[in-house]
Amino acid sequence: MEKVKGQSLKRSFMEAVAMTMLIVFLCSGLAIFGCYRFQKHILPDSNEVWLTQQTTAPDGTVTEAKMRYILDGSPEPFGQLVADGQEHNENQGQTSYMIERIESSYSMLSPKARTAYRVSQICMVLLPFLFAVIGIALCAWWFYHKVLEPPITVLMEATAHIQDRDLNFQITFDGQDELGRLCAAFEKMRQTLYENNRQMWSMLEERRALQASVAHDLRNPIAIMTGYVEYLQENSRGGTLTEEKLEKALSNLGITAERMGRYTDTMRDLGAIEETEVHRREVELPDFLQHMADSLSILFQNTDVRFSCDLHLPKGRAVLDGELLYRVLENLISNALRFAEREIGLTFCLEHGILLATVTDDGPGFSDKLLQKKTALFYSEDTSGKHLGLGLAVSRVLCQKHGGTIELSNQPPHGACVKASIKLQEILYGTALITGGENGNI
(Lines give C-alpha, C1' and ligand atoms only; values in the text may rest on other atoms or scores of the structure.)
Protein backbone atom coordinates (compact mmCIF):
# COMPACT_ATOMS: atom_id res chain seq x y z
CA MET A 1 0.00 0.00 0.00
CA GLU A 2 2.89 2.37 0.72
CA LYS A 3 4.17 1.76 -2.80
CA VAL A 4 0.76 2.66 -4.22
CA LYS A 5 0.70 5.93 -2.25
CA GLY A 6 3.99 6.95 -3.80
CA GLN A 7 2.79 6.44 -7.38
CA SER A 8 0.61 8.55 -9.63
CA LEU A 9 -3.06 7.67 -10.05
CA LYS A 10 -2.47 6.73 -13.68
CA ARG A 11 0.30 4.28 -12.85
CA SER A 12 -1.60 2.80 -9.90
CA PHE A 13 -4.67 2.31 -12.07
CA MET A 14 -2.66 0.70 -14.89
CA GLU A 15 -0.93 -1.68 -12.48
CA ALA A 16 -4.24 -2.63 -10.88
CA VAL A 17 -5.80 -3.31 -14.29
CA ALA A 18 -2.77 -5.32 -15.45
CA MET A 19 -2.80 -7.45 -12.29
CA THR A 20 -6.54 -8.01 -12.63
CA MET A 21 -6.18 -9.06 -16.28
CA LEU A 22 -3.39 -11.49 -15.38
CA ILE A 23 -5.47 -13.08 -12.63
CA VAL A 24 -8.52 -13.27 -14.93
CA PHE A 25 -6.46 -14.92 -17.68
CA LEU A 26 -5.02 -17.46 -15.26
CA CYS A 27 -8.41 -18.30 -13.77
CA SER A 28 -9.99 -18.51 -17.23
CA GLY A 29 -7.21 -20.79 -18.48
CA LEU A 30 -7.58 -23.07 -15.47
CA ALA A 31 -11.37 -23.14 -15.92
CA ILE A 32 -11.13 -23.97 -19.63
CA PHE A 33 -8.54 -26.66 -18.96
CA GLY A 34 -10.70 -28.14 -16.17
CA CYS A 35 -13.78 -28.21 -18.42
CA TYR A 36 -11.77 -29.84 -21.19
CA ARG A 37 -10.49 -32.54 -18.86
CA PHE A 38 -14.00 -33.11 -17.56
CA GLN A 39 -15.28 -33.56 -21.12
CA LYS A 40 -12.53 -36.04 -21.85
CA HIS A 41 -13.48 -37.90 -18.70
CA ILE A 42 -17.10 -38.18 -19.83
CA LEU A 43 -16.34 -38.83 -23.48
CA PRO A 44 -12.77 -40.18 -23.72
CA ASP A 45 -10.99 -40.58 -27.01
CA SER A 46 -11.64 -43.91 -28.74
CA ASN A 47 -8.84 -46.53 -28.83
CA GLU A 48 -10.19 -48.14 -32.01
CA VAL A 49 -8.92 -47.49 -35.51
CA TRP A 50 -9.79 -48.55 -39.06
CA LEU A 51 -6.96 -50.26 -40.87
CA THR A 52 -7.44 -49.92 -44.63
CA GLN A 53 -5.32 -51.85 -47.18
CA GLN A 54 -5.28 -50.92 -50.85
CA THR A 55 -3.75 -53.29 -53.39
CA THR A 56 -3.04 -52.28 -56.94
CA ALA A 57 -2.78 -55.21 -59.36
CA PRO A 58 -0.44 -55.20 -62.35
CA ASP A 59 -3.43 -54.72 -64.61
CA GLY A 60 -4.45 -51.58 -62.67
CA THR A 61 -7.20 -53.18 -60.66
CA VAL A 62 -7.44 -51.73 -57.15
CA THR A 63 -8.77 -53.82 -54.30
CA GLU A 64 -9.43 -52.58 -50.79
CA ALA A 65 -9.80 -54.37 -47.47
CA LYS A 66 -10.75 -52.74 -44.12
CA MET A 67 -10.54 -54.09 -40.58
CA ARG A 68 -11.46 -52.56 -37.16
CA TYR A 69 -8.56 -52.78 -34.78
CA ILE A 70 -8.42 -51.99 -31.01
CA LEU A 71 -5.32 -50.23 -29.67
CA ASP A 72 -5.25 -51.76 -26.23
CA GLY A 73 -1.61 -51.42 -25.33
CA SER A 74 1.43 -52.98 -26.90
CA PRO A 75 1.23 -53.42 -30.66
CA GLU A 76 0.69 -56.86 -32.15
CA PRO A 77 1.85 -57.97 -35.57
CA PHE A 78 -0.81 -58.55 -38.21
CA GLY A 79 -0.60 -60.01 -41.64
CA GLN A 80 -1.76 -58.76 -44.98
CA LEU A 81 -5.45 -58.30 -45.34
CA VAL A 82 -7.23 -60.38 -47.98
CA ALA A 83 -10.57 -59.42 -49.39
CA ASP A 84 -13.35 -61.94 -49.14
CA GLY A 85 -13.42 -64.40 -52.01
CA GLN A 86 -9.80 -63.81 -52.95
CA GLU A 87 -6.70 -65.79 -52.26
CA HIS A 88 -3.43 -64.35 -51.09
CA ASN A 89 -0.94 -63.90 -53.89
CA GLU A 90 2.35 -62.21 -53.22
CA ASN A 91 2.66 -61.23 -56.87
CA GLN A 92 -0.66 -59.45 -57.05
CA GLY A 93 0.91 -55.95 -57.09
CA GLN A 94 1.66 -53.01 -54.82
CA THR A 95 -0.04 -52.71 -51.39
CA SER A 96 -0.59 -49.56 -49.24
CA TYR A 97 -2.09 -49.13 -45.76
CA MET A 98 -4.05 -46.28 -44.10
CA ILE A 99 -5.05 -45.95 -40.42
CA GLU A 100 -8.01 -43.79 -39.30
CA ARG A 101 -9.03 -43.18 -35.69
CA ILE A 102 -12.62 -43.94 -34.84
CA GLU A 103 -13.91 -40.82 -33.04
CA SER A 104 -16.04 -41.12 -29.91
CA SER A 105 -19.65 -40.25 -30.60
CA TYR A 106 -21.76 -37.93 -28.41
CA SER A 107 -24.72 -40.13 -29.25
CA MET A 108 -23.07 -42.96 -27.38
CA LEU A 109 -23.46 -41.12 -24.03
CA SER A 110 -26.25 -41.60 -21.56
CA PRO A 111 -28.73 -38.71 -20.98
CA LYS A 112 -27.09 -37.83 -17.66
CA ALA A 113 -23.65 -37.84 -19.22
CA ARG A 114 -24.94 -35.73 -22.13
CA THR A 115 -26.24 -33.10 -19.69
CA ALA A 116 -22.92 -32.98 -17.86
CA TYR A 117 -21.09 -32.65 -21.15
CA ARG A 118 -23.31 -29.75 -22.25
CA VAL A 119 -22.86 -28.00 -18.89
CA SER A 120 -19.08 -28.28 -19.23
CA GLN A 121 -19.27 -26.72 -22.70
CA ILE A 122 -21.37 -23.83 -21.38
CA CYS A 123 -18.99 -23.33 -18.44
CA MET A 124 -16.06 -23.25 -20.83
CA VAL A 125 -17.63 -20.14 -22.45
CA LEU A 126 -19.28 -18.45 -19.47
CA LEU A 127 -16.60 -18.85 -16.81
CA PRO A 128 -14.02 -16.57 -18.54
CA PHE A 129 -16.71 -13.88 -18.96
CA LEU A 130 -17.77 -14.29 -15.33
CA PHE A 131 -14.15 -14.05 -14.14
CA ALA A 132 -13.69 -10.88 -16.21
CA VAL A 133 -16.78 -9.25 -14.64
CA ILE A 134 -15.77 -10.26 -11.11
CA GLY A 135 -12.19 -9.08 -11.73
CA ILE A 136 -13.32 -5.67 -12.99
CA ALA A 137 -15.67 -5.26 -10.01
CA LEU A 138 -12.99 -6.26 -7.48
CA CYS A 139 -10.41 -4.03 -9.18
CA ALA A 140 -12.78 -1.07 -9.08
CA TRP A 141 -13.68 -1.75 -5.42
CA TRP A 142 -10.03 -2.06 -4.39
CA PHE A 143 -8.91 1.02 -6.33
CA TYR A 144 -11.71 3.16 -4.88
CA HIS A 145 -11.43 2.02 -1.25
CA LYS A 146 -7.63 1.90 -1.12
CA VAL A 147 -6.62 4.77 -3.41
CA LEU A 148 -9.53 7.18 -3.92
CA GLU A 149 -11.66 6.96 -0.78
CA PRO A 150 -9.05 8.01 1.89
CA PRO A 151 -8.14 11.37 0.32
CA ILE A 152 -11.75 12.03 -0.71
CA THR A 153 -12.86 11.41 2.88
CA VAL A 154 -10.18 13.76 4.17
CA LEU A 155 -11.22 16.48 1.72
CA MET A 156 -14.92 16.05 2.51
CA GLU A 157 -14.23 16.38 6.24
CA ALA A 158 -12.09 19.45 5.59
CA THR A 159 -14.87 20.97 3.48
CA ALA A 160 -17.36 20.35 6.28
CA HIS A 161 -15.06 22.13 8.76
CA ILE A 162 -14.70 25.12 6.43
CA GLN A 163 -18.46 25.27 5.86
CA ASP A 164 -18.85 25.43 9.66
CA ARG A 165 -16.27 28.28 9.69
CA ASP A 166 -13.88 26.10 11.64
CA LEU A 167 -10.30 26.47 10.43
CA ASN A 168 -8.67 25.08 13.55
CA PHE A 169 -7.94 21.64 12.10
CA GLN A 170 -5.25 19.98 10.02
CA ILE A 171 -5.39 17.96 6.81
CA THR A 172 -3.07 14.96 7.11
CA PHE A 173 -2.59 12.65 4.15
CA ASP A 174 0.80 11.22 3.23
CA GLY A 175 0.03 10.21 -0.36
CA GLN A 176 2.32 11.45 -3.14
CA ASP A 177 -0.13 11.02 -6.03
CA GLU A 178 -2.38 13.67 -7.55
CA LEU A 179 -4.92 13.41 -4.73
CA GLY A 180 -2.14 13.60 -2.16
CA ARG A 181 -0.87 16.81 -3.76
CA LEU A 182 -4.47 18.07 -3.82
CA CYS A 183 -4.74 17.44 -0.06
CA ALA A 184 -1.44 19.27 0.46
CA ALA A 185 -2.73 22.21 -1.60
CA PHE A 186 -5.98 22.15 0.40
CA GLU A 187 -3.99 22.23 3.64
CA LYS A 188 -1.96 25.18 2.34
CA MET A 189 -5.19 26.95 1.44
CA ARG A 190 -6.55 26.24 4.94
CA GLN A 191 -3.42 27.66 6.52
CA THR A 192 -3.69 30.77 4.34
CA LEU A 193 -7.35 31.22 5.25
CA TYR A 194 -6.57 30.67 8.91
CA GLU A 195 -3.74 33.20 8.83
CA ASN A 196 -5.86 35.73 6.94
CA ASN A 197 -8.71 35.30 9.40
CA ARG A 198 -6.29 35.62 12.31
CA GLN A 199 -4.83 38.80 10.89
CA MET A 200 -8.28 40.17 10.12
CA TRP A 201 -9.43 39.39 13.64
CA SER A 202 -6.28 41.00 15.03
CA MET A 203 -6.90 44.11 12.94
CA LEU A 204 -10.50 44.27 14.14
CA GLU A 205 -9.36 43.95 17.73
CA GLU A 206 -6.79 46.68 17.18
CA ARG A 207 -9.41 48.90 15.59
CA ARG A 208 -11.71 48.40 18.59
CA ALA A 209 -8.84 49.18 20.92
CA LEU A 210 -7.92 52.17 18.77
CA GLN A 211 -11.46 53.50 18.90
CA ALA A 212 -11.56 52.95 22.65
CA SER A 213 -8.23 54.77 22.99
CA VAL A 214 -9.46 57.72 20.91
CA ALA A 215 -12.72 57.86 22.86
CA HIS A 216 -10.72 57.87 26.08
CA ASP A 217 -8.38 60.60 24.83
CA LEU A 218 -11.30 62.71 23.64
CA ARG A 219 -12.72 62.82 27.13
CA ASN A 220 -10.02 65.21 28.30
CA PRO A 221 -10.59 67.98 25.73
CA ILE A 222 -14.35 67.53 26.02
CA ALA A 223 -14.12 67.80 29.80
CA ILE A 224 -11.89 70.88 29.44
CA MET A 225 -14.32 72.54 27.03
CA THR A 226 -17.28 71.67 29.30
CA GLY A 227 -15.45 73.11 32.29
CA TYR A 228 -14.61 76.36 30.54
CA VAL A 229 -18.20 76.74 29.30
CA GLU A 230 -19.48 76.31 32.86
CA TYR A 231 -16.80 78.69 34.09
CA LEU A 232 -17.85 81.36 31.59
CA GLN A 233 -21.52 80.88 32.39
CA GLU A 234 -20.99 81.22 36.17
CA ASN A 235 -18.77 84.30 35.85
CA SER A 236 -21.17 85.86 33.36
CA ARG A 237 -24.14 85.45 35.72
CA GLY A 238 -22.11 86.69 38.72
CA GLY A 239 -20.79 89.68 36.82
CA THR A 240 -17.17 88.72 37.54
CA LEU A 241 -16.22 87.89 33.95
CA THR A 242 -13.44 90.23 32.98
CA GLU A 243 -11.89 90.63 29.58
CA GLU A 244 -8.72 88.95 30.81
CA LYS A 245 -10.62 85.89 32.03
CA LEU A 246 -12.68 85.79 28.85
CA GLU A 247 -9.59 86.00 26.64
CA LYS A 248 -7.81 83.27 28.61
CA ALA A 249 -10.85 80.96 28.50
CA LEU A 250 -11.38 81.52 24.81
CA SER A 251 -7.69 80.86 24.13
CA ASN A 252 -7.82 77.56 26.03
CA LEU A 253 -11.05 76.63 24.27
CA GLY A 254 -9.41 77.28 20.91
CA ILE A 255 -6.41 75.12 21.80
CA THR A 256 -8.71 72.33 22.97
CA ALA A 257 -10.87 72.58 19.83
CA GLU A 258 -7.73 72.44 17.69
CA ARG A 259 -6.64 69.31 19.50
CA MET A 260 -10.03 67.69 18.90
CA GLY A 261 -9.73 68.63 15.23
CA ARG A 262 -6.37 66.87 15.08
CA TYR A 263 -7.97 63.76 16.59
CA THR A 264 -10.67 63.85 13.91
CA ASP A 265 -8.15 64.31 11.11
CA THR A 266 -6.06 61.52 12.54
CA MET A 267 -8.93 59.04 12.45
CA ARG A 268 -9.78 60.05 8.89
CA ASP A 269 -6.17 59.65 7.77
CA LEU A 270 -5.86 56.29 9.48
CA GLY A 271 -9.01 55.05 7.73
CA ALA A 272 -7.58 56.13 4.38
CA ILE A 273 -4.32 54.30 5.13
CA GLU A 274 -6.21 51.08 5.89
CA GLU A 275 -7.67 51.22 2.37
CA THR A 276 -4.23 51.59 0.79
CA GLU A 277 -3.43 48.83 -1.70
CA VAL A 278 -0.07 47.04 -1.82
CA HIS A 279 1.76 47.36 -5.16
CA ARG A 280 4.65 44.91 -5.28
CA ARG A 281 7.45 45.04 -7.79
CA GLU A 282 10.80 43.36 -8.24
CA VAL A 283 13.81 45.17 -6.76
CA GLU A 284 17.51 44.46 -6.42
CA LEU A 285 18.75 43.77 -2.91
CA PRO A 286 20.61 45.28 -1.12
CA ASP A 287 21.05 48.21 -3.53
CA PHE A 288 17.40 49.20 -3.25
CA LEU A 289 17.53 49.31 0.55
CA GLN A 290 20.79 51.24 0.51
CA HIS A 291 19.22 53.84 -1.77
CA MET A 292 16.22 54.02 0.59
CA ALA A 293 18.52 54.60 3.56
CA ASP A 294 20.27 57.39 1.68
CA SER A 295 16.89 59.05 1.07
CA LEU A 296 15.93 58.71 4.74
CA SER A 297 19.16 60.41 5.80
CA ILE A 298 17.62 63.72 4.62
CA LEU A 299 15.52 63.64 7.81
CA PHE A 300 18.69 64.23 9.81
CA GLN A 301 19.47 67.58 8.23
CA ASN A 302 19.89 70.37 10.77
CA THR A 303 20.20 67.84 13.62
CA ASP A 304 23.10 66.61 15.67
CA VAL A 305 21.87 63.00 15.58
CA ARG A 306 24.06 60.45 13.84
CA PHE A 307 22.43 57.98 11.44
CA SER A 308 23.90 54.58 10.55
CA CYS A 309 22.57 51.81 8.33
CA ASP A 310 23.68 48.15 8.28
CA LEU A 311 22.55 45.71 5.60
CA HIS A 312 22.99 42.02 6.33
CA LEU A 313 21.58 40.78 3.05
CA PRO A 314 22.75 38.60 0.17
CA LYS A 315 22.65 39.98 -3.34
CA GLY A 316 19.53 39.03 -5.20
CA ARG A 317 16.07 40.11 -6.28
CA ALA A 318 12.92 40.35 -4.18
CA VAL A 319 9.30 41.37 -4.75
CA LEU A 320 7.96 44.01 -2.35
CA ASP A 321 6.22 47.39 -2.12
CA GLY A 322 9.09 49.83 -1.73
CA GLU A 323 6.87 52.88 -1.21
CA LEU A 324 5.04 51.17 1.62
CA LEU A 325 8.31 50.21 3.31
CA TYR A 326 9.61 53.76 2.90
CA ARG A 327 6.52 55.20 4.62
CA VAL A 328 6.94 52.78 7.51
CA LEU A 329 10.61 53.64 8.02
CA GLU A 330 9.93 57.35 7.64
CA ASN A 331 7.37 57.21 10.46
CA LEU A 332 9.61 55.13 12.72
CA ILE A 333 12.69 57.31 12.19
CA SER A 334 10.64 60.51 12.66
CA ASN A 335 9.41 59.17 16.01
CA ALA A 336 12.94 58.15 17.00
CA LEU A 337 14.29 61.64 16.16
CA ARG A 338 12.06 63.19 18.80
CA PHE A 339 13.67 61.13 21.56
CA ALA A 340 17.18 60.23 20.34
CA GLU A 341 20.12 61.93 21.97
CA ARG A 342 23.07 61.22 19.67
CA GLU A 343 22.45 58.24 17.38
CA ILE A 344 19.79 56.34 15.45
CA GLY A 345 20.51 53.00 13.76
CA LEU A 346 18.72 51.16 10.93
CA THR A 347 19.42 47.47 10.28
CA PHE A 348 18.09 45.25 7.51
CA CYS A 349 18.18 41.42 7.53
CA LEU A 350 16.29 38.43 6.12
CA GLU A 351 14.72 35.61 8.11
CA HIS A 352 12.78 32.85 6.32
CA GLY A 353 11.48 35.10 3.55
CA ILE A 354 10.70 37.99 5.95
CA LEU A 355 12.50 41.32 5.60
CA LEU A 356 13.24 42.79 9.04
CA ALA A 357 13.96 46.51 9.42
CA THR A 358 15.03 47.49 12.95
CA VAL A 359 15.18 51.12 14.08
CA THR A 360 17.04 51.83 17.33
CA ASP A 361 17.85 55.04 19.21
CA ASP A 362 19.70 56.01 22.36
CA GLY A 363 16.80 57.89 23.93
CA PRO A 364 14.94 57.08 27.14
CA GLY A 365 13.09 54.17 25.51
CA PHE A 366 9.46 53.18 25.75
CA SER A 367 7.60 53.28 29.03
CA ASP A 368 6.20 50.10 30.53
CA LYS A 369 2.71 51.47 29.91
CA LEU A 370 3.31 51.71 26.18
CA LEU A 371 4.97 48.26 25.95
CA GLN A 372 1.95 46.74 27.68
CA LYS A 373 -0.42 48.27 25.08
CA LYS A 374 0.32 45.59 22.47
CA THR A 375 -3.10 45.78 20.85
CA ALA A 376 -3.28 49.57 20.39
CA LEU A 377 -0.28 51.46 19.06
CA PHE A 378 -2.30 54.66 18.80
CA TYR A 379 -0.58 56.02 21.85
CA SER A 380 1.75 58.91 22.52
CA GLU A 381 3.99 59.79 25.42
CA ASP A 382 4.10 63.42 24.29
CA THR A 383 2.26 65.43 26.96
CA SER A 384 2.10 68.54 24.81
CA GLY A 385 -0.68 67.06 22.66
CA LYS A 386 1.11 67.92 19.43
CA HIS A 387 1.93 64.30 18.64
CA LEU A 388 -0.96 61.87 18.82
CA GLY A 389 0.93 58.62 18.23
CA LEU A 390 -0.28 58.18 14.67
CA GLY A 391 3.14 57.10 13.33
CA LEU A 392 3.19 53.74 15.11
CA ALA A 393 -0.44 53.05 14.20
CA VAL A 394 0.15 53.84 10.54
CA SER A 395 3.32 51.72 10.46
CA ARG A 396 1.47 48.82 12.07
CA VAL A 397 -1.36 48.96 9.49
CA LEU A 398 1.05 49.22 6.54
CA CYS A 399 3.17 46.29 7.75
CA GLN A 400 0.09 44.15 8.23
CA LYS A 401 -0.95 44.87 4.66
CA HIS A 402 2.42 43.48 3.57
CA GLY A 403 2.09 40.35 5.70
CA GLY A 404 4.19 41.65 8.61
CA THR A 405 3.89 43.48 11.90
CA ILE A 406 5.52 45.96 14.32
CA GLU A 407 7.28 44.97 17.55
CA LEU A 408 8.29 47.42 20.29
CA SER A 409 11.01 46.82 22.86
CA ASN A 410 13.77 48.54 24.81
CA GLN A 411 17.47 47.87 24.39
CA PRO A 412 19.90 47.96 27.30
CA PRO A 413 21.14 50.13 28.87
CA HIS A 414 18.63 52.59 27.42
CA GLY A 415 16.98 53.32 24.12
CA ALA A 416 13.99 52.24 22.08
CA CYS A 417 13.90 49.45 19.49
CA VAL A 418 11.18 49.11 16.84
CA LYS A 419 11.28 46.08 14.54
CA ALA A 420 9.17 46.25 11.38
CA SER A 421 8.70 43.13 9.25
CA ILE A 422 7.23 42.63 5.79
CA LYS A 423 6.77 39.37 3.87
CA LEU A 424 8.62 39.09 0.58
CA GLN A 425 6.65 37.45 -2.20
CA GLU A 426 9.70 36.06 -4.01
CA ILE A 427 13.42 35.98 -3.31
CA LEU A 428 16.16 35.07 -5.80
CA TYR A 429 19.48 35.00 -3.99
CA GLY A 430 22.89 35.67 -5.36
CA THR A 431 26.16 34.45 -3.90
CA ALA A 432 27.79 37.42 -2.15
CA LEU A 433 26.87 38.62 1.34
CA ILE A 434 26.81 42.40 1.65
CA THR A 435 27.19 44.30 4.94
CA GLY A 436 26.61 48.03 4.68
CA GLY A 437 28.47 50.69 6.59
CA GLU A 438 27.58 54.06 8.01
CA ASN A 439 26.04 56.92 6.12
CA GLY A 440 27.83 59.27 8.44
CA ASN A 441 26.67 62.40 10.21
CA ILE A 442 24.16 64.61 8.48
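Predicted model: local features only at pLDDT ≥ 70, side-chain atom pairs only at ≥ 80, totals over all residues.
Local features need pLDDT of at least 70 and side-chain atom pairs count only at pLDDT 80 or more, while totals for chains, interfaces and linings use all residues. Residues are numbered from 1 along each chain as its sequence is written, and side-chain values use heavy atoms, with hydrogens and water left out.

Start with L26. Select helix 2, residues 9-42; helices are DSSP runs of H or I with at least four residues, numbered from the N terminus. L26 lies in this helix and is exposed at 51% relative accessible area (exposed is over 50%, buried under 20%, partly exposed in between; 1.4 Å probe, protein chains only).

Next, select A158 in helix 3, residues 111-163. A158 is buried, because its relative accessible area is 2%. Beyond residues up to four places away in sequence, A158 touches F169, I171 and F186 (heavy atoms within 4.5 Å). Show R190 as well: its C-alpha atom is 8.8 Å from that of A158, 32 residues apart along the chain.

Finish at N235 in helix 4, residues 178-238. N235 has 9% relative accessibility, so it counts as buried. The N235 side chain reaches the backbone oxygen of Y231 at 2.7 Å. Leaving aside neighbours within four places in sequence, N235 is in contact with T240, L241 and K245.

Key
Helix = DSSP H or I, 4+ residues; strand = E, 2+ residues; numbered from the N terminus. Polar contact = N/O pair within 3.5 Å; in protein donor to acceptor, adjacent residues only side chain to side chain.
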